[in-house]
2 protein chains.
Amino acid sequence: MLKSPAMSQLSVRPYKGTRDFYPEDMRLQRYIFEVWRRVSERFGYEEYNAPLLEMTDLYRAKTGEEIVNEQIYNFTDRGGRDVTIRPEMTPSLARLVAAKQQELRTPLRWYSIPNLWRYERAQHGRLREHWQLNIDLFGTSDVSAEAEVIRIAHAVMQEFGATEHMFTIKLNHRELMSYIFGDYLQLNVDAAHRLSKLLDRKNKMNQDAFKNQIAAILGEKTDQFMALLEVERLRDLPEQLFQSQAAQQLRELARVLHNTGVTNIHFDLTIQRGFDYYTGTVFEVFDTNPDNPRSIFGGGRYDDLLSIFQAKQMPAVGFGMGDVGTMNFLRTHELIPSLSSTTQVYVASLDPAYAEEAEHVANQLRDGDINVAVDTTDQKIGAKIKTADKKNIPRVVIVGAEEAKAGKYTMRELSSGEELTEDIAGLRIILTNDATRRLNI
Amino acid sequence: MLKSPAMSQLSVRPYKGTRDFYPEDMRLQRYIFEVWRRVSERFGYEEYNAPLLEMTDLYRAKTGEEIVNEQIYNFTDRGGRDVTIRPEMTPSLARLVAAKQQELRTPLRWYSIPNLWRYERAQHGRLREHWQLNIDLFGTSDVSAEAEVIRIAHAVMQEFGATEHMFTIKLNHRELMSYIFGDYLQLNVDAAHRLSKLLDRKNKMNQDAFKNQIAAILGEKTDQFMALLEVERLRDLPEQLFQSQAAQQLRELARVLHNTGVTNIHFDLTIQRGFDYYTGTVFEVFDTNPDNPRSIFGGGRYDDLLSIFQAKQMPAVGFGMGDVGTMNFLRTHELIPSLSSTTQVYVASLDPAYAEEAEHVANQLRDGDINVAVDTTDQKIGAKIKTADKKNIPRVVIVGAEEAKAGKYTMRELSSGEELTEDIAGLRIILTNDATRRLNI
């Protein structure tokens with residue numbers, strides 16, 4: 001027998017670090033997803049998905065130690081398998097591509113909007129479940145891949161209403177970092193690794209502490225390195241670094257991006273990106289608001305991830321853009337549009353005697369592809385109108401004795417109070433035109 | 001340090017009992033979700049969502065012992081909480097409603113399309129992850145609630161192209177069953193419980209074994225009870241049962257449904273529904289194909305679920321319709337439409353010299369809201385056309401020397417081989433008209 005928990009233990013709150021989406025919250029999330037989908041598909045990307053659970057070994061390979069040791073939701077299933085709720089989508093994507101590598105034709109352009117889980121500690125104010133647009137282009141090794149993916153990132157921001165002065169795209173290159181750590185600073189592997197992880201935490205730590213820890217690794221080369229971190233244009237790098245292959249690739253990328261109207265790009269050696277699998281260009285999009293200059297999202301090139309399946313190498317570039325960072329950005333810049341219900345009209349009976357007539361009116365409108373909710377409860381008509389208003393339904397049609405007799409119904413626009421009286425055909429035309437206008441078709 | 005797994009252990013297959021969704025699989029799932037959303041919103045339902053994980057106690061209350069003991073994915077999180085990947089959506093929904101019961105105005109019409117997890121054993125051929133449309137109406141205690149929810153179920157089937165002879169809606173009532181078990185058959189609580197669970201398994205077991213187990217519970221009343229199970233019309237019930245309040249409610253429900261064009265309904269005492277929380281009408285939709293007469297989905301009334309939060313009672317009716325049963329039904333009846341890529345056109349450079357020109361053409365089409373993928377690889381043009389075809393992209397535009405010079409481009413319709421030559425403005429008009437036609441606007 002099951003032990004029934006004491007009822008008072010059952011909380012109505014969501015699990016720690018997660019969000020409930022009531023219809024008014026869902027409207028904003030749907031808006032974000034719609035923009036993501038529209039722009040992704042505009043660039044010829046097709047949607048895919050993968051199971052929520054993966055074998056934990058998939059993440060042990062290249063996701064990064066901190067995430068796997070401290071942040072993933074893993075457990076043993078009833079069959080003894082060590083499984084994980086996906087903390088990121090890229091390993092699943094690599095698995096799908098590796099499984100059908102022979103038959104898939106490149107370039108592959110895929111996107112997905114998965115929910116992802118990480119065990120964040122509450123004091124960080126971070127969320128444990130979030131959704132993320134994943135854009136990935138497989139099969140192109142030249143910078144046209146980076147250029148396309150970064151243009152999509154830029155186009156998504158513009159589709160949300162952002163102008164170039166609201167955000168900046170910072171670029172770096174993993175091979176340039178290797179070159180600096182090795183040839184330029186002559187660090188051993190361990191010191192290079194520590195320096196890389198330190199750079200990744202730069203914006204989250206006190207800047208004096210940051211410099212002290214840099215000094216502990218670099219000693220007398222500290223000032224030389226700190227100067228590099230200030231460089232915002234490739235041509236301001238020391239000549240030896242500027243002439244490196246990686247820097248020249250970034251230069252070509254910047255040229256292509258400028259040609260297609262992406263001009264808010266900057267070079268920044270502090271951009272690291274957390275995942276171990278990046279192999280080339282990395283980029284990160286920042287809010288330029290001085291009160292809130294945080295990273296919104298980022299991505300990069302990962303040409304070697306398929307090797308974890310012993311599959312043939314396949315060049316790849318992608319990014320992941322989270323819903324939480326997106327919402328914060330939209331709020332900061334007041335870019336959230338006013339979002340009304342998907343229900344176009346609320347059909348309310350004047351009293352219970354007209355319940356069937358109200359249902360009939362609602363069904364006739366639905367037959368004309370109008371979204372209709374009906375209220376045949378015994379509440380007063382004023383209460384019904386208030387219900388529609390609270391649900392952000394923009395219009396109410398009232399059905400009573402006169403209306404039933406005449407076959408003409410009064411529709412009230414709740415925002416303006418305007419009223420008009422029409423038969424079913426007339427209401428359908430008005431409501432259809434309105435829906436078409438809202439779709440911008 | 002992390003122990004890196006031997007690479008050969010990393011499988012490219014999805015976790016047991018789950019599915020990968022490549023773009024061609026995703027198209028079908030998106031089609032199903034679009035139909036679900038369209039019909040739900042047509043009836044004034046608004047989308048909501050809840051976190052994937054809930055405290056396990058939420059399901060211990062009313063989900064049912066078999067599911068909680070044997071089928072849920074539960075584990076202890078890093079903070080020591082016993083959490084579960086949702087096996088169904090209704091308890092989360094009840095939690096959301098209970099949390100804001102004071103401010104939410106009824107009737108509440110909500111829908112969601114969550115993914116759900118159950119640990120199914122592989123030999124059953126069942127899936128561990130599936131998606132499910134959840135439709136729920138809160139706040140209406142009369143049969144107009146059942147009538148609306150069942151009409152939506154019926155409308156969803158019709159929107160998929162099903163006619164009434166392809167499926168049947170079977171109705172039963174929990175209170176009628178209680179009346180039969182108690183007043184009519186005079187069973188004690190334990191025998192009634194065993195009989196109910198046995199009925200729930202009827203269609204999954206050998207019919208002789210079923211009758212033997214019935215006889216073990218009912219003895220000499222077996223034939224009397226077996227006769228009841230054959231009844232398909234309420235009026236064929238013994239008078240005592242027909243006059244019960246529950247049977248009369250079902251009769252009124254059938255009348256209302258017939259009036260709104262839902263005529264493929266039948267009474268069936270074997271319909272039980274697995275969840276413990278149902279309190280009144282229950283219904284189940286069956287495929288009528290004689291080769292495959294399985295249950296597709298079902299639902300019912302649950303007026304008492306909010307009591308698990310010690311919240312005020314609130315009447316509710318809902319159903320859950322899974323993607324797997326839906327796909328099986330659509331396949332059986334050949335109702336799956338031909339689904340092409342969201343990418344409308346594939347812009348291919350004739351050779352790498354025209355890569356930038358091809359990008360330019362693609363961008364100009366995108367500025368006209370056309371979905372475009374571009375192929376500037378060094379593959380031959382024949383290979384590029386084959387790539388478009390394999391991706392189900394319906395058209396190819398080829399960009400070479402002549403086209404670049406003339407500003408006119410040849411577009412080929414891959415299904416027919418038809419070609420036409422137009423400038424950018426001309427291509428935009430053709431592609432926009434096509435998209436509008438496909439949306440039926």
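Start by selecting chain A and chain B together: 110 residues of chain A are in contact with 110 residues of chain B. The model is predicted. Between them the two chains bury about 9,300 Å², and 52% of that area is on carbon and sulfur atoms.

**The chain A side.** Select A:Arg42, A:Arg78 and A:Arg105. In chain A, these residues lose the most area to chain B, together 9% of what that side buries.

**Charged and polar pairs.** Next, select B:Asp20 and A:Arg95. Their side chains form a salt bridge, with 2.8 Å from N to O. The count between chain A and chain B is 14 salt bridges. For polar contacts across this interface, the rule finds 58 residue pairs, both residues at pLDDT 80 or more.

Which helix gives the most to the side of chain A that touches chain B? Select residues 23-42 of chain A: this is helix H1, and it contributes eight residues to that side. By residue class, the side of chain A that touches chain B divides into 48 nonpolar, 24 polar and 38 charged residues.

**Aromatic pairs.** Now display the rings of Phe, Tyr and Trp. Over all chains, the structure holds 31 aromatic pairs. Select A:Trp110 and B:Tyr22 from these. The pair is edge-to-face, with 5.8 Å centre to centre and 80° between the planes.

Move to B:Phe33 and B:Trp36. Here the aromatic pair is stacked: the centres are 5.6 Å apart and the angle between the planes is 20°. Both residues lie in helix H1 of chain B. They are three residues apart, about one turn of the helix. B:Phe33 and B:Trp36 are both buried.

**The aromatic cluster.** For the last stop, select the following residues, which form one aromatic cluster:

- from chain A, A:Tyr15, A:Tyr73, A:Phe75, A:Trp117 and A:Tyr119;
- from chain B, B:Tyr15, B:Tyr73, B:Phe75, B:Trp117 and B:Tyr119.

Note on methods: Residues numbered from 1 in each chain as written. Chains lettered and ligands numbered in written order. Predicted model: local features only at pLDDT ≥ 70, side-chain atom pairs only at ≥ 80, totals over all residues. Heavy atoms only, no water. Contact = heavy atoms within 4.5 Å. Buried area = accessible area lost by both parts, 1.4 Å probe. Salt bridge = Lys/Arg side-chain N within 4 Å of Asp/Glu carboxyl O. Polar contact = N/O pair within 3.5 Å; in protein donor to acceptor, adjacent residues only side chain to side chain. Helix = DSSP H or I, 4+ residues; strand = E, 2+ residues; numbered from the N terminus. Nonpolar A, V, L, I, M, F, W, Y, C, P; charged D, E, K, R; others polar. Phe/Tyr/Trp six-rings, centres within 6.5 Å; stacked < 30°, edge-to-face > 60°. Buried < 20%, exposed > 50% of the residue type's maximum accessible area, 1.4 Å probe, protein only.
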